[in-house]
Structures are given as structure tokens and as C-alpha cells.
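User: I would like to learn how to read packing features in a model. Can you take me through this one?

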Amino acid sequence: MTYKRKAYAKINLYLDVLNRLDNGYHNIESVMQAISLYDTVSLTVSDGEFDIEIQTDAPVPTDENNLVYKACVKYIEYARKKRKIKSANQKFIFSIEKNIPISAGMAGGSTDCAAALKLMNEAYGSILKENELLEIGASIGADVCFCLVGGTCECRGVGDKMKSLKPFKDVYLVCAIDDIKISTPEAYGLLDARYGTSSPSTRIFEVFVGAINDAGDINRVSSLLFNKFEHVIIPKNPSINDIKSLLLDNGAIGALMSGSGPSVFGIFENENDQIKAFNALKDKNIRTFLCKTL
């Protein structure tokens, strides 16, 4: 049988990095938001010896280094440990249709991974509960947990401590990305080099969460957008700031780099301004997407 699922991208409306842990991970305070840009992940299960195959035209690994591959392996290991399945004598073929930019701070790999976990669970008759999928997701990557839940979430810890917020839905967005490659480890390394193992908090996280929960006023939220990675990424990649300026000059009421970059999003009050900015960036040959919050 074949199962199919949309894997939605995310943006960080707020992202503060507080300190580095002994295991190399970092404590964060973030508000993550699912958006309408998505990959499509499908799973075909057939009888035969155990095997995992990943099919995609995108320039991503198709072996055990792919998070979808890891999701399949981890799901089976977990289900067997919990004695939900005895064996996995099937062939698992995943097909990934990529639309989310790769290595762009929009959780493209993590959301594909989350979709794969849900597809595996569907194929096995939903034998695992959401909290169990979250446990598997946390063992693979910090953003996987959010991608399993979606919506609008307050995220703390390494991204695994989540609390759903009032939905910040149907807000007009333009997402754009220049031709820059920024690895997440590199970005965290730049923060560590600047701030050491402990970085000062902006102390407005609760204010931002309140702005989401109180009324979801997009003007209030837009005025409080924050991403600490901008402090170390933009000086080395000024084109990110150029994209932010283009968005703001063409009607955005707020603009921010997402995650560790280099993707940038702008928030708009109406569709006319959204389309105006989209066209302005397209005219500059910048890869651009029309999106909404989910």
C-alpha cells in the first residue's frame, strides 16, 4: 500500500539562544509557526526482506544520513522495544517531493522526518500514540517535535519542550531565500564564539508569547519579531538584510530571518501588499514563495 502526507515548513517568529549544554546542544526560547509551504512525502510498503529506499530528485542524501531514513529505522526499533511489532519484514520506499528550500532554516529535513514517522504509524495501524512519536522525534532532531505537532508553539529546552499557543493562522507571508548556504552547526558556533557558553536573554519572550495569546494582533507581533542568529549571520551575509529591506520597502509590517537562516520572511496585512512584495523580489531574481500561516 502507498500512504502520502504533506510536510509543512516552519518559521521562527521568535528565537533566542540562551546557553550551550555539555552535550553540545543549546537551550532556546522560541515561537515556531507552521506555514503553508510544504514537501510531499509518500511511503509504499511491500512484502520482502527488510529494506529502506528513498527516492527524490532533490540534492539530499538518500542513505542513512537522510532524516526520513532515520525515522523509519527509529520507528521500527521503538515499536519492537515496546513490543508493538515483532519484526519488520517489509520493504519501505519513501518518495520525497521537495519544495521547501534545503538548509534554509525552515525545517525542511525535520518536517519530512516528522511526516515519515506519521506515515510509518499509519502503515502500522496507528500503534503508537503522539507522545511516543514525539519521543522518537526528539531522539532524531530538535525541530522534529514541533513538526509533529505543527500550528503555533512555544518551544523551550532544545526545542523539545513545547506548549501550543493561540493559533496565529491565515497571516499573509512572503518567504525568500538568497543563494547562500549556512549550516546549523556553523551558526551555533558563531553564537558560541560571540557569547561563550551562556548568552544573555532578551527577556521579552513572555511579552512575545503574550502578544500571540492575547489577540494575535499581527502589528504587535510584527513589532516584536526577534532572532538572535541575525546578530552573527547577517554581518557575514549582508544579502539577508537586503532581502529584509526589500520586504519592508514593499509593504511588510515585519521581516525576520528564520532559524539559522538564510531564509527570510515578511508579514503582511493584506494580500495586495503580499503580492506586491512577491513580485518585487521575483524581479530581483530572488527565490520567493507566497505563503500563509497555518
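**Reading the packing**

Analyst: Start with one side-chain pair in this predicted model. The side chains of Glu-269 and Asn-219 are joined by a polar contact of 3.2 Å.

User: Where is Glu-269 found, and is Glu-269 buried or exposed, or something in between?

Analyst: Glu-269 lies in the loop between β10 and α10 (271-283). Its relative accessible area is 45%, so Glu-269 counts as partly exposed. Setting aside residues up to four places away in sequence, Glu-269 touches Tyr-172, Ile-218, Asn-219 and Ile-253. For scale, the C-alpha atoms of Glu-269 and Val-73 are separated by 44 Å. Those two residues are 196 residues apart along the chain.

User: Now the core. Which residues touch the most other members of the largest nonpolar core?

Analyst: The general idea: in soluble globular proteins, nonpolar side chains tend to be buried together. Here the largest nonpolar core has 69 residues. Tyr-75, Phe-92, Phe-94, Met-120, Phe-229 and Leu-247 touch the most other members. A second, separate core has 31 residues, including Phe-205, Ile-212, Leu-224 and Cys-291.

User: What does Phe-229 touch?

Analyst: Leaving out residues up to four places away in sequence, Phe-229 touches Leu-15, Val-17, Ala-187, Tyr-188, Leu-191, Met-257, Gly-259 and Ser-260.

User: Take Ser-260, then. Is Ser-260 buried or exposed?

Analyst: Ser-260 has 7% relative accessibility, and the cut-off for buried is under 20%. Therefore Ser-260 counts as buried. Its place is the loop between β9 (254-257) and β10 (264-268). A polar contact of 3.4 Å joins the side chains of Ser-260 and Thr-184. Beyond neighbours within four places in sequence, Ser-260 is in contact with Gly-105, Ile-182, Thr-184, Ala-187, Phe-229 and Ile-233.

User: How do I read a pair of packed helices?

Analyst: Two packed helices are described by the angle between their axes and the distance between the axes. In this case, the axes of α1 (residues 67-81) and α3 come within 10 Å and cross at roughly 130°. That angle makes α1 oblique to α3. The crossing is right-handed. On the α1 side, the contact includes Leu-67, Lys-70 and Tyr-75. On the α3 side, it includes Glu-132, Leu-133 and Ile-140.

User: And which residues of helix α4 are buried?

Analyst: In α4 (residues 142-149), the buried residues are Val-144, Cys-145, Phe-146, Cys-147 and Leu-148. What covers them includes β1 (2-20), β2 (26-47), α2 (108-123), α3 (130-140), β5 (152-156) and β6 (161-164). Just after α4, Gly-150 takes a positive phi of about 75°.

How values were computed: Residues are numbered from 1 along each chain as its sequence is written. This is a predicted model: local features need pLDDT of at least 70, side-chain atom pairs count only at pLDDT 80 or more; totals for chains, interfaces and linings use all residues. Side-chain values use heavy atoms; hydrogens and water are left out. A nonpolar core is a set of buried Ala, Val, Leu, Ile, Met, Phe, Trp, Tyr and Cys residues joined through side-chain atoms within 4.5 Å. Buried means under 20% relative accessible area, exposed over 50%, partly exposed in between (1.4 Å probe, protein chains only). Contact means heavy atoms within 4.5 Å. Helices (H or I, at least four residues) and strands (E, at least two) are DSSP runs, numbered from the N terminus. A polar contact is a pair of N or O atoms within 3.5 Å; within protein, one must be able to donate a hydrogen and the other to accept it, and residues adjacent in sequence count only if both atoms are side-chain atoms. Axes are lines fitted to C-alpha atoms, for helices over the stretch in contact, and angles run from 0 to 180 degrees between N-to-C directions. Angles under 35 degrees count as roughly parallel, over 145 as roughly antiparallel, 65 to 115 as roughly perpendicular and the rest as oblique. A crossing is left-handed if the near helix is turned anticlockwise from the far one by less than a right angle, and right-handed if clockwise.
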